[in-house]
Amino acid sequence: GWVHILLRSPYRMGDRIDINGVRGDVVDITLLSTKVVEVGAWVGGDQSTGRLVSFPNNWLFAHSVRNDTHGFGFIWNELTFTLTFDSDWHAAQDLLEALAQEMAPAVETQARRALDRLSTDVLIRYSVLTPFVYVRVAPKGIALTLRYLVEARKRRGSEHALTISFLDAIRGRDDVKLAET
């Protein structure tokens with residue numbers, strides 16, 4: 001496993017990975033094992049639990065490795081708000097898209113550069129990197145799901161900022177109300 005890590009680089013020091021249910025930031029790679037600072041578990045939003053978790057390097061031959069940071073460095077994130085059935089979901093959709101568009105240009109520029117570098121090694125083609133709001137009928141209302149690109153380690157912060165901005169934008173409006181979930 002260690003030789004495979006050295007030659008093929010499925011992950012490196014500092015990468016955020018997930019293998020066989022172990023998710024974390026790689027802090028040590030030895031001949032026999034890899035050590036990560038655990039992310040997730042009981043802590044939400046991809047933040048550290050503070051625990052160190054080791055796994056044997058031979059896991060690479062039995063389990064897939066998901067690497068959030070190596071190569072591209074961005075992930076698609078989704079944030080859902082459910083509105084009451086009598087809300088003006090068109091207005092809410094426009095608000096949510098406008099808020100996401102405010103942060104999009106910087107992320108899109110960085111992501112496009114990363115994709116250009118990565119496309120020389122692997123076949124990844126994203127033609128659209130802009131945020132988009134999907135609408136669906138949910139059991140308790142109209143669900144608006146914002147899909148947007150974010151740096152892998154900034155997911156929770158982006159969700160926090162977008163949520164506060166959206167809540168501030170609909171505060172006091174009679175035409176847009178959040179449903180009870």
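## A hairpin, some ring pairs and a cavity

S1 and S2 make a hairpin with 2 residues between them, and Asn 20 in the turn has a positive phi of about 55°. Helices (H or I, at least four residues) and strands (E, at least two) are DSSP runs, numbered from the N terminus. This is a predicted model, where local features need pLDDT of at least 70 and side-chain atom pairs count only at pLDDT 80 or more, while totals for chains, interfaces and linings use all residues. Residues are numbered from 1 along each chain as its sequence is written, and side-chain values use heavy atoms, with hydrogens and water left out.

Let's stay with S1. S1 and strand S2 (residues 22-29) run antiparallel over 4 bridges; strands pair if DSSP finds at least two bridges between them. On another side of the story, S1 is joined antiparallel to strand S5 (residues 65-67) by 3 bridges. Asp 18 stands opposite Arg 23 in S2 and opposite Arg 66 in S5. In a regular strand the side chains alternate between the two faces of the sheet. Here Arg 16 and Asp 18 point one way, Ile 17 and Ile 19 the other, and all are buried (under 20% relative accessible area with a 1.4 Å probe, protein chains only; exposed is over 50%, partly exposed in between).

Now for the rings. The structure holds 4 aromatic pairs, counted when ring centres of Phe, Tyr and Trp (its six-membered ring) lie within 6.5 Å; planes under 30 degrees apart are stacked, over 60 edge-to-face, the rest tilted. Tyr 11 and Phe 55 are edge-to-face, at 6.4 Å centre to centre and 70° between the planes. Tyr 11 sits in the loop between helix H1 (2-8) and strand S1 (16-19) and Phe 55 in strand S4 (residues 48-56), so this pair ties together parts 44 residues apart in sequence. Both Tyr 11 and Phe 55 are buried. The rings of Phe 81 and Phe 166 have centres 4.5 Å apart and planes at 35°, so that pair is tilted. Phe 81 belongs to strand S6 (residues 74-83) and Phe 166 to helix H3 (residues 155-170), 85 residues apart.

The largest cavity holds about 50 Å³, the volume being the space filled by probe spheres set on the points. H2 gives the largest share of its lining, 5 residues.

Technical notes: 1 Å grid on protein atoms, 1.4 Å probe; cavity = no way out; pocket = protein on both sides within 12 Å on 5 of 7 lines; lining within 4 Å.
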